[in-house]
Structures are given as C-alpha cells and as structure tokens.
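Me: Could you walk me through the packing in this model, with the cut-offs spelled out as we go?

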Amino acid sequence: MGAASNDDNEEHEFGEDQSTNNDATSSNHDDASAQQPMTCSTKSSPADSSVVFSPELLGMYYARLFPYQMLYSWLSYDPATINPNNNNTSKNNGTSNNTTTFPRREFSMTIEPTPGNEVYIRYQSFLSQEELTTAIQKRRPTKIDIGAVFNYPPKDNKSLPSGKLQTQERELVFDIDLTDYDGVRNCGCDGAKICPKCWTFMGMAMEVMNEGLRNDFGFEHVAWFYSGRRGVHCWVCDDGARKLTNEARSAVATYFEVNLGSDKNKNFNLSSPLHPMLSRAYDILEPRFVESVLPEEGHGLLSTRASWTKLLMTLPKQANSVAAKLEEKWGSKRDTTTPEEKWDELKTALLTFIGKSGNSKAPKNLSNADRSRVESWPVETVFKYVYPRLDINVSKMQNHLLKSPFCVHPKTGRVCVPIEVSNFASFDPFQVPTLGQLMKELDDFEAADKSENDTDVTFDWQKTSLKEPFEKFQKSFLVPLLNEERRMQREEREKRAAVMGDF
C-alpha cells in the first residue's frame, strides 16, 4: 500500500497498483483497530449535529445510511435489481451477462488505519452487494472511487499475466471544479472555498453540458452529482456511452472544450461563424452571465467604475473609441444605467462600430478579421467567465477513477447527493446534510411517536433528508436506465431466437 493522493483530488488515473495486496479481505491492515467490523450496526448514540465529520459518524453512515442497494443496482445494470424490496437478489434467468458486470468493476478505497495516515487501495472488486457492503463497513473508507469494468475481476490483478487485465467499458464521466474558475471568481473565493455567488458557475456548466450530451450526442441517461465540496460530477450511463473507446471519449470531451486563454497567453479567438453548439451555449449562458456576473450582488463586472474600466480595456484595440465613449458616459454623474443596461449598451455600440446596427458604417480601415474579432468579443467575454471548465483528462480514458456518488467528503462531512439540472436553482450546497445532521435526523425520527412516522420505510436513509434526493434519483434516473437495459435484453433475445429459428 502507498499513501493516498490528496483528498481534494476527486479522481485517480489508472496506473501502478498502490496496494501491496489488492484483495480487500486480506490487507495487512485488516487487523488494525480502524478496520474492525462496526460495533454499532443498528443503533446510534445521541447525535451532535454540530460535528460534521468523524470516523465514528462515518462508520454509522456506512452501517445505516449508505445506499448499497441503489449503487449495486446501478453499477450492475441488471433490471432484476430494480425493485428495492427484493433484497438485491439478481434473478437474471441467464438472459444477459449483467450478473457478471458488477464483479468485474474496479473500486478503490482511501482508508486511515491511524489518524492522518492515509492508505490508497486499488483493484478492489466484489461478487455481490453483500461483499461490497461488508468491505465498506469493515474498512470505513474516507473516500471511495469507481473505475472501469474489466475483462477479469480486478482483485485478480496480481495473479494475471502482465497486460492481461484490460478495461471493457466505463461510464463517460466529467469533472467540473470551482478551483478552475479562480481567475474569474470576483466574489473573494479561491481554492476550496465557495459561496452562493460562485456556485452559480456550476449550474451554468451543468446546463450547457447537459444540453450538448443529450441533443448533440443523443445520450439519455445522464446523472449529475455534487462532489461534496466545490464541484460537480457527471455520469453518462447509456450503453453506447459505456462502450466508447478512449479515442471516442477524447473526441466527445474535446467537442466541449474551448480554449479560454491563460495567464501567459491572453489570446482567445472563436471561429466565425460560431459553431452551433457554441451558439446554443451562448444563448444559455448570456442571460445567466448578466444576472450573476455583472451586478454588484454577483461578481460586479459592471457595477463600479474600476470594474467597467477593467472590462472595457479587454476590448480589441480597434474598438478603443467605443471604450472611450462608454467610459465617459458611464462615469458621468447623470448616468444611472444598471449593469444589465450597460451590457446591452456595450453590445449595441460594438455592432454600430462594425456597421451592423441601423445605417452605421464600419471604418474603412477595419479589416474583416478585425470586424470579426470585435463582433465576437461579447461571446468571448461570456465564455471566459461562465463556459464549462472541464478536467478533460478525467473524460478521455476508460481507466480513470472518479469519486463514488453517495460517499461523504471528509473535509465537509457532506454527502455526494444527486442534483437535478432542472432544479439547480433550488439546490444549495450549504444545505446538503452533514454526517452529524443525518445522525440527528435519525435520532429525531426514531424518537418520535411511531404513529407520526411514515410506516413505508425500507431503508434508514428514508428517515432523513436524504430521502428526497435519493428517491428522485431512483425514479428519474435509475428506473428508466434499467428499463432501457431490460428492453435491450429483450431485443437481443428476440434477435438470437430469430437467427436460430426458436420462436
């Protein structure tokens, strides 16, 4: 085993095994006190909701609230597990190979045998939900990562000839982190710090990506999750997405990539005419840019003289006259325009300058390239601030691992819950429950009079505020996904029957 990577990093690359023994049940640390089975499997002690994270709280979360059935049902892609009341016993009747999918899935775990001593274990795999549950409850990992489905169970990695273990499929995943927006966050946040003002960047990124994945590539089963701290993760789970080669994954990821320039290279020029995907992205982003970035209650891009002067200085030098006129007008005591009105005025002035507004004519010495650069400036400015900033390497390879949904971020104690793109405006990362809050909710539920409680409770998480996001995930994502898998299996059986004449 070796030291785990920084826990702020949400994903791991496929590389050398970090574990000296990759069998989850035979680790040298299995006898360590931190690895002993849970001693409090059914009852919680009185909870202190002010404590957001502790090994004891994490152990209780894994014992009572972690949605093993949901994760197993999803990652097995077995329609027989769609009913949560069937105890996850897959009765596949031999109609598909889905029962062999889960055992070939790689998991990794970051554990702390002793406080401050992190150990990262790779190539873990489990035959069943029960095996996964036992391993997680025994190890109490501070982080769980999910990798690809291989041609052999990853836990057999050491016994296979070199190069024999190969990836077969993996969800197409995307990782978006607010730290990549540090250069444009004018709210005072940077690094791991977030606030409601900069969190809006995540909603804009999700909407653009969701539209592109669904409309341009035809994907239907797209799930979004809060990372637990400062970002969001996307899992595209269509059969076609899972089977994409590394080259195809790279092509999809690159499709969404826009070179936004850098500190050293400020050049950022979009092609003209604008690609339809980028045109749609601009239509989505510009209203949100106006609402969330321009005003003082946002990032203040056009709220003060200093801020608008700084913005006008980014205009192409050919439009210096436009900048000078607006600087003078907006600086006048008589000017009472709002940031939104200033933005509209600026766009109109640029169109007038290049001869695209009313009867105006462009300067004779303005080349077509310069005209295009001036016309593109509003789009480039919007994209510079709010276009999705992807950690593109996460998406390019089947063998990347990404943090498991439903686990807990050790820095915040918050659960990686599903997010609905359509309801992002009502999603508050600061209201996502911490471990301490969840244990308090359990205590309160179980202390209440039984007649007041909903008797239709199958899982303990239904007694907490996890009930709403988890049940929405089941209804809107998991059930349609597994129904699609059932349809595909039926069509495959009918196709085989037709070939063999067995009707």
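Reply: To begin with a definition, contact means heavy atoms within 4.5 Å. This is a predicted model, in which local features need pLDDT of at least 70 and side-chain atom pairs count only at pLDDT 80 or more, while totals for chains, interfaces and linings use all residues. Residues are numbered from 1 along each chain as its sequence is written, and side-chain values use heavy atoms, with hydrogens and water left out.

Me: OK, which residues does Trp74 touch, not counting residues up to four places away in sequence?

Reply: With those neighbours set aside, Trp74 touches Phe225, Trp235, Cys237, Pro405, Phe406, Phe473, Phe477, Leu478 and Leu481. Trp74 also belongs to one aromatic cluster, together with Phe225, Trp235, Phe406, Phe459, Trp461, Phe470, Phe473 and Phe477.

Me: And how many residues does the largest nonpolar core have?

Reply: That core has 124 residues, and those with the most contacts inside it are Tyr61, Trp74 and Phe383. A nonpolar core here is a set of buried Ala, Val, Leu, Ile, Met, Phe, Trp, Tyr and Cys residues joined through side-chain atoms within 4.5 Å, where buried means under 20% relative accessible area, exposed over 50% and partly exposed in between (1.4 Å probe, protein chains only). Helix α4 (residues 196-216) gives the most to this core, with 10 residues; helices (H or I, at least four residues) and strands (E, at least two) are DSSP runs numbered from the N terminus. Apart from it lies another core, of 5 residues, among them Tyr123, Ala148, Phe150 and Leu160.

Me: Switching to aromatics, what is the count of aromatic pairs?

Reply: The count comes to 34 aromatic pairs, under a rule by which rings of Phe, Tyr and Trp (its six-membered ring) pair if their centres lie within 6.5 Å, with planes under 30 degrees apart counted as stacked, over 60 as edge-to-face and the rest as tilted. One of them joins Phe174 and Phe256, edge-to-face, at 6.3 Å centre to centre with 85° between the planes. This pair links distant parts of the chain, with Phe174 in strand β6 and Phe256 in helix α6 (residues 246-256), 82 residues apart.

Me: Is Phe174 buried or exposed?

Reply: Phe174 counts as buried because its relative accessibility is 1%, and Phe256 is buried as well, with a relative accessible area of 1%.

Me: Then where does β6 sit in its sheet?

Reply: Strand β6 (172-177) is an edge strand, as is β10 (418-419), and each pairs on one side only. The open sheet has 4 strands in the order β6-β8-β7-β10, with antiparallel pairing; two strands pair if DSSP finds at least two bridges between them. Strands β6 and β8 (residues 231-236) pair over 6 bridges, and the bridge partner of Leu172 in β8 is Val236.

Me: One more: what does Leu482 touch, leaving out residues up to four places away?

Reply: Leu482, found in helix α14 (residues 467-500), touches Ser73, Tyr77, Asp78, Pro79, Thr81 and Ile82 on that basis. The C-alpha atoms of Leu482 and Ile82 are separated by 6.8 Å, although the two residues are 400 residues apart along the chain. Leu482 counts as buried, because its relative accessibility is 0%.

Me: And which residue lies over the face of Tyr77?

Reply: Arg242 does, at 3.7 Å from the ring centre; a charge sits over a ring if NZ of Lys or CZ of Arg is within 6 Å of the ring centre and within 35 degrees of the ring normal.
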